[in-house]
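I opened this model to look up a few helix contacts, surface features and backbone details, and I kept my notes in the order in which I looked.

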Amino acid sequence: MLMFGLYSAGLCLVKGLNQTNMDNRFAFGLWIFLDLTVIALGAGAFFTGFLLYILKVKELGAVINSAVVIGLVCYSGAVAALLVDVGQPLRFWFTFWYPNVHSMLTEVTFCITCYLTVLLIEYVPIVLRNRRLRQVPSFLIFEFELHKLVYVLAGVGTFLSFFHQGSLGGLFGVLRGHPFAFREGLAVWPSTFFLFVLSAAAAGPSFILLTTWLVSKISNRQLVRPEVLPLLGRISGMLMIAYVLAKTVDTLIWINHTSPGAGVPAWQYYSWKPFGTWILFAEIVAFGLIPALVLLTPRLRLRSNWLVSAAALTCIGIALNRFVMTLQTLALPTLSFDPFLSYFPSWQETGTFLGVVGFGVLVYSFSFRYLNLFPQERDLEQPEAAPVREPALAGRY
Amino acid sequence: MKATRRDLFKFAAGGATGLLLTPAPWRLVTDAALWSENWPGIPKPVRGELRTRFTHCALCPAGCAVKARCVGDQPISLIGLPGKPLCAFGLMGHQLPYHAGRVRQADADAVRAVIAKRAANETVAVLDLRPGRTASWTYRRAMAALPRGVYLAARSSVPAVNLDAVKIILSLGVPVLDGWGTPSNVQQARSHFRLIQAEPAESRTALLADQWLKIRPGTELELVEALATGRGGAGTGLNEKVIASVANELVQAGALFLAAEESPSVLELNRKLGAVGKTIVAQREAPVPRSWKPAPVTPINSVPERSIGVLLIDESAADSYVPWSKLEGKLAPDALVVTFASSQAGYGRQAKHLLPTAVYPESTGDIPPAIDSPLATFRLTTPLVAPPRGVVNPAQFIGGLAAIDAADALRERAGAIHAAGRGSVCTYADGRSIPVEDIQPDQFWKALNDGACWIDEPGGKLLPPVLRASTPAVVALNWEKRAARGPMPPLVSKLYQESNLRVRI
Amino acid sequence: MSHRGTLFFLAGALIALGAGWAGFPRVIYRSRPQPVEFSHKVHAEKAGMKCEDCHEIRADGSFAGIPRREKCAGCHEAAMGTTLAEKQFIDGYVTPQREVQWSVYARQPENVYFSHASHVKLAHLECATCHGDHGTSDSLRPYQEDRISGYSRDIWRAMKMNDCVACHRSHGFEKSCLDCHK
Amino acid sequence: MSIDIDKCTGCGACMVACAVENNVPPAPEGVNERKGITWIRVFRLDNGAEGVDRKWAFLPMLCQQCGENTPCVSVCPQQAVQLDPATGIVGQMPERCLGCRYCMAACPYHARYFNWWDPSWPAGMEKTLNPAVAPRMRGVVEKCNFCHGRWHAAKARAAAQGRRDLDPADYVPACVEACPTSAIRFGDLNDLENAPERGSFRLLEKLGTGPKIYYQTQRDWVREIAAAPGGTERAHG
């Protein structure tokens, strides 16, 4: 899978983006969707860190390492995809050298790169816990030093990711040209900015919950104490409910005020098959409200299959939201004589997509195999590690 | 002391840090980005002095005046004169020499020898796809000189249309607003004529016309009959009220009546409507040296079957094609077909030999008066680009067969025009118009070459054309139809491929 | 032990510094001599010519750049001096009517638009302001081009975008990228 | 710039003239109207009727040079897009462009085009390129800049005569020059005689992007289609 990914990415880099099915009208495709989604899911890292180190929710110590790795995986994957996505990767540094401070994308690029480094640093101590490395004394000292740092890092990380999660939302919120996506702002940022932060924060824990559950199923070991997952679920649920409310308010404002202001009655967007109003419903209720409620009802939360499926729903909900913001926005016509566009990724795009996913799975499973992702694992006595079965993971990722 | 692995690490680390303090890495990053500005495959435009040159567009019989912007001698863009714009095709003309399908090499001498041998005792025929040029005269002279030479014209001489007098046009599928006549003239006249387009297809003209008669395919003549007699016409799919009103309109305004095909009934109706002599007038040609002794124009139908031994086709400036089926029968069993063309697109498939010709704007020649000019004109198309080595000039080649030196034919004709002393020459560079008698022959010749048009004086009433049954009332001339046969400049992709503005026919 | 490590560290650093500062420039530039030896000095002093006598600005405001063969041949149809360079020039180019393939030191990237007309005729800049003492140089130094970007080294000396911008800024002419880019 | 839709016959001369002037390469294999590069693009509208009642209108669409909160300018991460305060032209810098295509997503008029392929001309045809415009490389965005090469040339011509200011006649974009029916007219909006005439409208005015291209038409159905935002079923994009 990785090979295939590399090959198709290579094609796109060497022969140019004509390999993709994107075009002048559909300038963004699968990759941007991928970026937005994985970054949203990777948000678990910063938020758990935030809760653990800043708000001192000690229980989360059980998953923090795993969270960091997930974050790292997601972000590095996103950055990789972005590098393939741009037409002139050689000029990536222009953004830092000649930044346009008004652009959301600048904000995103800055934050993501900074945060990636933060994650790397956070990743180091986990690496250092590796048994063999522990024999080197100087590394031990280094690690000890790092541990003092980690609080700062968590703070910085939270700040950074708070921003870029937001700016990712802003990315489309500022598109005045697309009344479907355009939102009025609070302060300098459009409302989507805050919605994205919230939703990312909500989805993050769910995703960690999901992966933890998955891994423990696959490696059939108990990785964390039983109360941790429900806790994650509760956090996710609370944030989710907040998000749903905010989203609803925002949508109402948009339907009744923003969109008509731009000269487009909101119903028009949903007159295009297949994107009927159902998508709005799915986004807010089916994949928003319902899982939130499930996660908030203690009885259901304690049943692992309810818990897990609710978490899954949440993640899907976020993915759906990102899909709507990116692809549906571009698909909808703006000029009266535009057609409604359809787009299907070419195999090269899909290949790169899979490549990124594969890369993620690989890194995660290796970290799991050789590093100590779940500190409590050792306390809960278990048989020796079963080898990680990747395809199974990949399929469900 | 021996270096351990850790020392090596330290060394490397030091190196890295040191390197960061030198320009090297930063310069490499910058250069990589700069390299992307001119990596292989991005051409560098040639710099040089900008000059302006004038010529006439030879792509269609309209022969619009062309103002070429050149870097050095290389034209980089073509544009019309103020008030006399070029069509989309004309604007791309300077790219034609570079189209992919172009044929460049052939052994002209061998072909010449073969033809010469057979010309002695076989019928040699020249098929001229754009009659009325000086080259056409050369062909006729050559055929007159050969023992058994025949001159075939793709179409019989066309009467001119006096657009100023036109009040209403009923067109049977003629693309009046899309490549017919001289675009600028049609555009100016458009304000004072009403256009009724009878056409089955939803053509550009049909949709831009004042009225569109959506008739059933192949019922054009039935419509004509119905309009003439006031009866029938049910087959056209129009209701008789419509037909009646149209017929009425035509009678009201002395109408010009266009038709795409040659047909006596169309002609008859035009005559009946009084269009002939008023809006349909004789096409006048510029004077010709008396010394030139031309062969008659033989209509293709009157050529006996299987009689032609050698058929020479001049496609170099084709404006109307004859279907191959029509020619095939006239050829002797072992006939030799030679076509003068720049690509295989036309008769190249049927011809035994294809002699490459120069394409506009490499070619030298003159353009017969446009269909919508009632006055005689004489306009040269002079090369903006030097033609590649190995191309053949059809006129000189065919003239050569009959020992006629056609190299100076154009100049001789210019001399004859000057000798006639009528009309005036309008130079494009300064937009002045000088009576011919006021300038010297060589000045006249020079002016023509630098971009000028000789126009006959308007004096005298417009003569009614001599019309045979075979005469098309007005021939449809359409670059798009022509383009379907010939090569197109690469940039037409903008019209056909990268926008849905036009569809290939 | 530990300062031994530092030693290694410093060694690495020093070597790298050397390579980066001294070696790198030699590697990155490809150097090629001009096809004909030419002395601006001689033409300026002996012949008493001014820059614009050869490097003219055309009527349409475009800049002629390095004069073409005809212009040189205007004087050098036959040898005027006794130098070898002139003889080579006449035998090699004037007589066989070949154009000289000069390498232009100050050739800007394709995407840069520079109007000599507006800088010389309107802003009244001296040639030397940008071209330095090139006009009085006695010989043509070899042309050095960047191996990767393919741009002349002289651009990096005095004609970088920053140099243009600095001057424009100081005179308040800085409006938009399109002023100088095409 | 003002465009009279009723005068436009959709001949495509403007598109060709533009491509010639600005060194836009012909389409490679497999390019359709969604991947091609046409700085000015003539759209075909029709009144939705069938048969003889069917009417067409042609609407030339180019960069609208938005003057107020220009969508593409604010989004570009590295200042490759810029609204020239002096000329009001929205400029795109291919050499600075990263190719992220965010600006294309932002443009409601789809007037920005991405170089999906390396630029390539048939052998020999690169001789016909216009030296006043630099060919773009693969992987960057480009768009109409009102034939800025011509603006440069005009300035240089003026400078050679010692003038700093331009006459209106000095500088005319290629599409305007080429339009056979003079449907496209061009002038400085600040001059009074160029003030948009009554009844002319701009595309998607309500978005508040302040486009500088004014359209005129006498036909109500054209106005209704062209002026209304959001797609229609009978779209001909």
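The entries below go from chain contacts to single residues.

Before starting, I noted that this is a predicted model in which local features need pLDDT of at least 70 and side-chain atom pairs count only at pLDDT 80 or more, while totals for chains, interfaces and linings use all residues. Residues are numbered from 1 along each chain as its sequence is written, chains are lettered from A and ligands numbered from 1 in the order in which they are written, and side-chain values use heavy atoms, with hydrogens and water left out.

**Chains.** I looked up contacts (heavy atoms within 4.5 Å) and found that, among the five pairs of chains that touch, chains A and D have the most. Chain A and chain C share no contact, and their closest C-alpha atoms lie 12 Å apart.

**Helix pair in chain A.** Helices here are DSSP runs of H or I with at least four residues, strands are E runs of at least two, and both are numbered from the N terminus. I found H7 (residues 191–218) packed against H11 (residues 304–331) in chain A at about 140 degrees, with axes 9 Å apart; the axes are lines fitted to C-alpha atoms over the stretch in contact, and angles run from 0 to 180 degrees between N-to-C directions. Residues that meet include Phe196(A) and Trp213(A) from H7(A), and Ile318(A) and Arg322(A) from H11(A).

**Salt bridges.** Counting a side-chain nitrogen of Lys or Arg within 4 Å of a carboxyl oxygen of Asp or Glu, I noted 44 salt bridges over all chains. One of them joins Arg27(B) and Asp31(B) at 3.3 Å, N to O; these two are separated by about one helical turn because they are four residues apart in helix H2 (residues 23–35) of chain B.

**Backbone.** Which residues does a cis peptide bond join in chain B? I found Tyr360(B) and Pro361(B), with omega about 5 degrees, and Pro361(B) lies in the loop between strands S15 (353–356) and S16 (365–367) of chain B. In chain C, Gln97(C), which is not a glycine, has a positive phi near 55 degrees, and it sits in the loop between helices H5 (84–94) and H6 (116–122). I noted both since most residues other than glycine have a negative phi, and most peptide bonds are trans.
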